[in-house]
Every structure is written in structure tokens, then in C-alpha cells.
Amino acid sequence: MRILMTTALAAAVSAASLSGANAQDKELTLCWAAWDPANALVELSKDFTAKTGIGMNFEFVPWTSFADRMLNELNSGGKLCDLMIGDSQWIGGGATYGHYVKLNDFFEKEGISMDDFLPATVNAYSTWPKGTPNYYALPAMGDALGWVYRKDWFERPEIQEAFKAEHGRDLGVPKNWTELREIAQFFQGREIDGKKVYGAAIYTERGSEGITMGVTAALYPWGFKYENTPGKYDMEGAVNSPEAVEALEFYKSMYETATPPGHSDAYMVANLDAYKSGQVAMQMNWFAFFPGIAKDEAVGGDVSGFFANPSQNVEGSTLGGQGISVVSYSDKQEEALEYIKWFAQPDVQAKWWALGGYSCHVAVAGADDFAESTPFAGEFLKAMGSVKDFWQEPIYAELLQAMQKRVHDYVVADQGTAQEALDKLIEDWTISFEDDGKL
């Protein structure tokens with residue numbers, strides 16, 4: 001989807017605001033995925049155009065083809081995108097291969113401090129190498145995987161009574177994955193309002209990143225690690241630990257006993273559809289979609305509740321979200337930097353949150369009243385306190401493809417065991433890191 005967003009401006013717009021640039025003759029193209037937050041950014045960016053005179057074009061690509069489309073654009077040195085809101089996993093490649101402009105000098109010149117943004121988002125969306133003060137993006141869209149549930153169903157007396165009779169405890173938000181599965185299995189095949197419903201919509205998609213994002217939502221609470229020693233790529237005993245095997249087996253059991261029929265290639269949209277149509281009691285999905293759910297005519301208001309990813313052995317949530325970067329191949333870097341300067345302002349960040357974006361700015365997300373600002377804001381903060389991300393290596397796409405295959409083969413295609421799937425995944429990743437000179 002391509003959206004052209006330009007504004008005719010009064011002659012009073014000051015060219016001086018752009019350090020002498022002829023703003024009225026300039027346009028920028030910002031590239032991102034096509035989803036609800038992108039629409040909110042279009043609305044927000046009208047203020048940027050009104051202030052600076054810089055017109056905004058938006059190139060939004062569906063999530064299922066977003067990575068292929070935009071990584072090809074970057075790898076080819078294309079000039080389509082002046083600004084890129086790329087996935088957190090892209091930051092390593094963006095820095096290493098020179099796709100993104102390093103922003104340290106710009107941040108220092110403009111007084112933009114990374115201390116003003118949530119630490120987890122700075123680390124995940126902005127830095128490379130990880131843990132170093134080398135910044136290639138401004139945190140733009142905080143996100144994590146969370147859960148939505150049919151609060152109205154959970155509160156029905158007859159359902160509460162049946163659940164307590166079966167499990168000996170009250171039906172409520174699950175405290176761990178064991179309770180999550182019990183609730184999902186309880187609803188599986190139950191009749192509500194004359195319609196058969198199912199337990200939970202979980203991620204199973206094979207083509208892009210779906211099942212990996214879903215599986216890691218289970219792996220992380222079991223204590224999963226990619227390496228025994230950070231930066232050493234020593235994966236044996238970490239990736240295939242007994243806890244990791246148990247978590248993967250658990251996820252497969254969720255798929256087999258508590259999901260709708262045919263839910264074998266599902267990601268964000270499929271889960272939303274299953275939930276909004278009343279098929280399931282719960283769905284896993286990104287917090288980015290929760291503002292839309294809260295306002296939805298069918299499932300909004302008091303119909304739905306929200307919770308962060310449950311713990312098991314430890315707290316852990318799958319990280320989503322993105323930073324915004326200046327593309328190094330752009331001929332309009334000065335104007336692109338002006339956009340980032342504008343976007344970093346606390347008042348702009350506050351409006352970003354109000355429109356449905358997830359601000360990473362401490363002045364917004366760290367405010368005393370933030371947790372009560374929406375039905376899901378407090379759970380978002382809880383999730384962001386324990387987020388973990390997939391490999392952010394420059395070869396992340398190759399690593400992701402390997403995991404997609406191994407876990408989908410086991411969970412959905414019912415091939416082999418969880419232990420075999422994770423052992424083979426280590427073999428795949430070892431070859432990739434050897435080829436990349438890391439091992």
C-alpha cells in the first residue's frame with residue numbers, strides 16, 4: 001500500500017526551521033509495515049509537514065512480505081526509502097552493511113539523549129553491537145507479544161462454576177503457561193451462545209517469522225537462552241536444554257489440544273480474525289494491535305481483557321517493535337534527520353501514544369498515570385520489563401529461516417521430537433555462524 005501525504009502550506013512557514021533548506025520543495029518517503037500503527041503515523045506526520053513544509057510519502061508493505069521487500073531494497077542500495085522503520089533484528093545488518101546512518105553525532109548535536117527512552121528499547125532497536133553506545137536508530141515503536149481474552153466469557157457465572165469444578169480454582173488471567181493451557185483446553189469445543197468455540201489462537205505461520213515468534217513466547221518463560229555465554233555462540237546445552245525441549249513440547253500440545261481447526265499457518269491477521277469472529281477465548285498477538293481491539297465494535301470495551309505473556313520458570317516476553325533509521329542511500333538525509341529530531345520530542349511522543357502508537361519515551365511510558373491510560377498500558381510495561389529478542393546478527397534472516405523450518409516441522413507437521421528439532425537447529429545455526437566467520 002502506498003500513501004501520498006503532502007500538505008499545501010502557507011507562505012509563512014520558515015525556511016530557517018530547516019537550517020536553510022528549501023522545505024517547500026522537499027518530500028520524504030518513510031517505509032514501514034502496513035498495519036494499524038502505520039496509519040496512526042500518517043496522522044501524526046501531518047504535524048511534521050505543517051511545521052516544516054516537508055511532504056511525507058509512505059511506503060507500507062504487508063508484514064508477510066515486509067522483510068523480503070525492504071531488505072532487498074536496502075541490500076540493493078535503493079533510494080526509495082529516506083526513513084526506515086525496520087525490525088529490531090535488522091539493526092545488526094543495517095549497521096554492519098552500511099544501510100543505516102550512524103546517529104551518535106546527530107544525537108549529540110541536537111541534545112537527543114538515549115537516557116530519555118526505555119532502556120530495553122534502546123538496546124534492542126538502536127544499538128550495534130549490542131550493549132555499546134553506537135546508535136543507528138531512534139526507538140520508534142515499542143512492542144511485545146501479549147494476550148487478549150474474552151473477559152465477558154470469563155465472567156459468566158456458569159462458566160466460572162464449570163471451570164472451578166474442573167480445576168479447583170477460579171477462572172481468571174493465567175499466572176503461568178500451565179494455567180494458560182488449562183484455560184484454553186477448558187474452552188476448546190465448548191458451546192457458548194449456541195456456537196462451538198475454541199481455546200486459543202497461537203502463531204503457527206511458516207513463511208515469514210510467525211511460528212518463531214510464537215514458540216519463543218513459550219521458550220523465554222522456560223528460561224531459554226541462545227548462548228551459554230553472550231557473544232560466544234556456544235549454543236549446545238542452551239538452545240537444546242531440557243527446559244527448552246519442555247517448552248517446545250508444551251507449545252506443540254497447545255497447538256494440538258487448544259486451537260481452532262485448520263489453524264496451521266496463522267500469524268497476526270489470522271489470530272485477529274479468529275478472535276474478532278468469536279471463535280476463540282484467547283489470542284496471542286502484538287500489543288500494537290490492542291488499541292484497535294479495545295475500540296472494535298464487536299470485541300471492544302468490556303468484552304476484552306489484556307495480559308502480558310505469562311511466566312513459567314521466569315518472566316519472559318517476545319520482543320516486537322522497531323526503531324526509525326535514516327537510510328544511508330537517501331539523497332535527503334538532512335530532511336530525514338529533521339524528521340527524527342521532530343519525532344523525538346516529548347510532546348510528539350505523547351501524541352504518538354494517544355493516536356495508537358507505542359511511545360518508547362520515558363516522559364510518556366514512565367509517567368505516573370501511564371499504566372492507567374488504557375486497559376493494556378500496564379500490561380505493556382510489564383511485558384517490556386522482561387522482553388527478549390531473536391538473534392540480531394547481520395545474518396539474522398538465515399538464522400530465522402532455519403528456526404521457522406525446524407519448529408514448524410515439529411509443532412505443525414508432527415515430524416520427529418522436540419529434542420531432535422532443537423539439536424538440528426543448533427547444527428543449522430553452527431553452519432551459518434561458521435560461514436559468517438563467527439565460529
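Biologist: What makes the crossing of H8 and H10 left-handed?

Modeller: In this predicted model, the crossing of helix H8 and helix H10 is left-handed, because that word applies when the near helix is turned anticlockwise from the far one by less than a right angle. The helices concerned are H8, residues 177-187, and H10, residues 242-258, which pack at an angle of about 10° with their axes 10 Å apart.

Biologist: Why are H8 and H10 called roughly parallel?

Modeller: The angle between H8 and H10 is about 10°, and angles under 35 degrees count as roughly parallel, so the two helices are roughly parallel to each other.

Biologist: How do you know which residues of H8 and H10 meet?

Modeller: The criterion is heavy atoms within 4.5 Å; on the H8 side Trp177, Thr178, Leu180, Arg181, Ala184 and Gln185 take part, and on the H10 side Phe250, Tyr251, Ser253, Met254, Thr257 and Ala258. By class, the residues of this contact divide into 7 nonpolar, 4 polar and 1 charged.

Biologist: What is the relation of H1 to H14, and why is it called that?

Modeller: The axes of H1, residues 36-52, and H14, residues 346-355, come within 9 Å and cross at roughly 140°. Because roughly parallel needs an angle under 35 degrees, roughly antiparallel one over 145, and roughly perpendicular one of 65 to 115, H1 is oblique to H14. The crossing of H1 and H14 is right-handed.

Biologist: Which residues make the contact of H1 with H14, and how do they divide by class?

Modeller: From H1 come Pro37, Ala40, Leu41, Glu43, Leu44 and Asp47, and from H14 come Val348, Lys351, Trp352 and Leu355. The contact of H1 with H14 has 7 nonpolar and 3 charged residues, with no polar residue.

Biologist: How do you know that strand E13 is largely enclosed by the rest of the structure?

Modeller: A residue is buried if its relative accessible area is under 20%, and 5 of the 5 residues of E13, residues 322-326, are buried, so the strand is largely enclosed. Both faces are covered, with Gln322, Ile324 and Val326 buried on one side and Gly323 and Ser325 buried on the other.

Biologist: What makes E4 a paired strand of E13?

Modeller: Two strands pair if there are at least two bridges between them, and 5 bridges join E4, residues 83-87, to E13, the two running antiparallel; one of the partners is Gly323 of E13, bridged to Gly86. Strand E5, residues 138-141, pairs with E13 in the antiparallel sense over 3 bridges, and Leu138 has Ile324 of E13 as its bridge partner.

Notes
Residues numbered from 1 in each chain as written. Predicted model: local features only at pLDDT ≥ 70, side-chain atom pairs only at ≥ 80, totals over all residues. Heavy atoms only, no water. Axes fitted to C-alpha atoms, helices over the stretch in contact; angles between N-to-C directions. Helix = DSSP H or I, 4+ residues; strand = E, 2+ residues; numbered from the N terminus. Nonpolar A, V, L, I, M, F, W, Y, C, P; charged D, E, K, R; others polar. Buried < 20%, exposed > 50% of the residue type's maximum accessible area, 1.4 Å probe, protein only.
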